[in-house]
Structure formats: C-alpha cells, structure tokens
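Dear colleague,

Please find below the structure that I am handing over to you.

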Amino acid sequence: MSVEDRPHAVEAALDFEAQRTRGRIVALERDLTALQDATADSPDDEHDPEGATIAFERQQVASLLAAARSRLAELDDARARLELGDYGRCADCGQAIPLERLLARPAVRRCAGCEARAER
Ligand SMILES: [Zn+2]
C-alpha cells in the first residue's frame, strides 16, 4: 500500500506526532525556565557544585528542546508536502516509501534502502 491508498491515515499520524512534539516542547520550555530561575541567583555557576549540576542539566534540556523543535519543523514540512501531493516519495531514489514506514515515522524522507546507504 502507498500513501494514495490511505492519505487520511498518514495525515492522522502526522498530526498525532506533531501534537505530541508540541506537548514535549511546552514541557521542555517549562523545565528550562525552571532551571534558569534556579540559577538566576547564583551567577557564579562554575564554582558552585550545585550550580554546575544545574548548568549541565540546563544544557541537556536546551539540546532536547532544540531537537524537539527541529522535529516539529520536519513534521510541518512533511504536512506541507502531503498537501502539495509531494509526500511519500524517497528524497534520494524517488521510489514510493511503503505506507507502514510512513505511518511509523511520518516525517521520514527516505526509503529504508537509501537511509541505510546514507548512514554508511
Ligand atoms: Zn530511496
């Protein structure tokens, strides 16, 4: 089966994933704000052991947040491609990506074969 057979299933998968990612971004932003507040009183992070731990945590959360935002951008991009009728084809070889793969990873841009080659 391909996207043309089940366009609504793919749309639902994309929306579900985007919604989940948005929720994650909100939670991470909240965590980051809390960590920033925790360090606001002690600008001397580096020399205070607790401050250093918080600074490390803040970095972790910031990088998770960046990843979640870029994931959401990928999902928005996939959504736009779906609307243009340009969704579900491998960016490398142009073959239709199997529906099961799209449902599992709706923002995916390559077929399994090309992805494996790209990672090698
Ligand atoms: Zn391919």
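The chain carries 17 positive and 24 negative side chains, and the centres of these two sets are 9 Å apart. In this count Lys and Arg are positive and Asp and Glu negative, while His and the chain ends are not counted; each charge is placed at NZ of Lys, CZ of Arg, CG of Asp or CD of Glu.

Please note that this is a predicted model, in which local features need pLDDT of at least 70 and side-chain atom pairs count only at pLDDT 80 or more, whereas totals for chains, interfaces and linings use all residues. Residues are numbered from 1 along each chain as its sequence is written, and side-chain values use heavy atoms, with hydrogens and water left out.

As to the fold, there are four helices and zero strands in the chain. Helices (H or I, at least four residues) and strands (E, at least two) are DSSP runs, numbered from the N terminus. The C-alpha trace spans about 60 × 30 × 20 Å along its principal axes.

Glutamate 115 belongs to helix α4, residues 112-119. Is this glutamate 115 buried or exposed? Its relative accessible area is 18%, so glutamate 115 is buried (under 20%; exposed is over 50%, partly exposed in between, with a 1.4 Å probe and protein chains only). Across the whole chain, buried residues form 32% of the 120 residues.

Leaving aside residues up to four places away in sequence, glutamate 115 touches Arg101, Arg105, Val108 and Arg110, where contact means heavy atoms within 4.5 Å.

Yours sincerely
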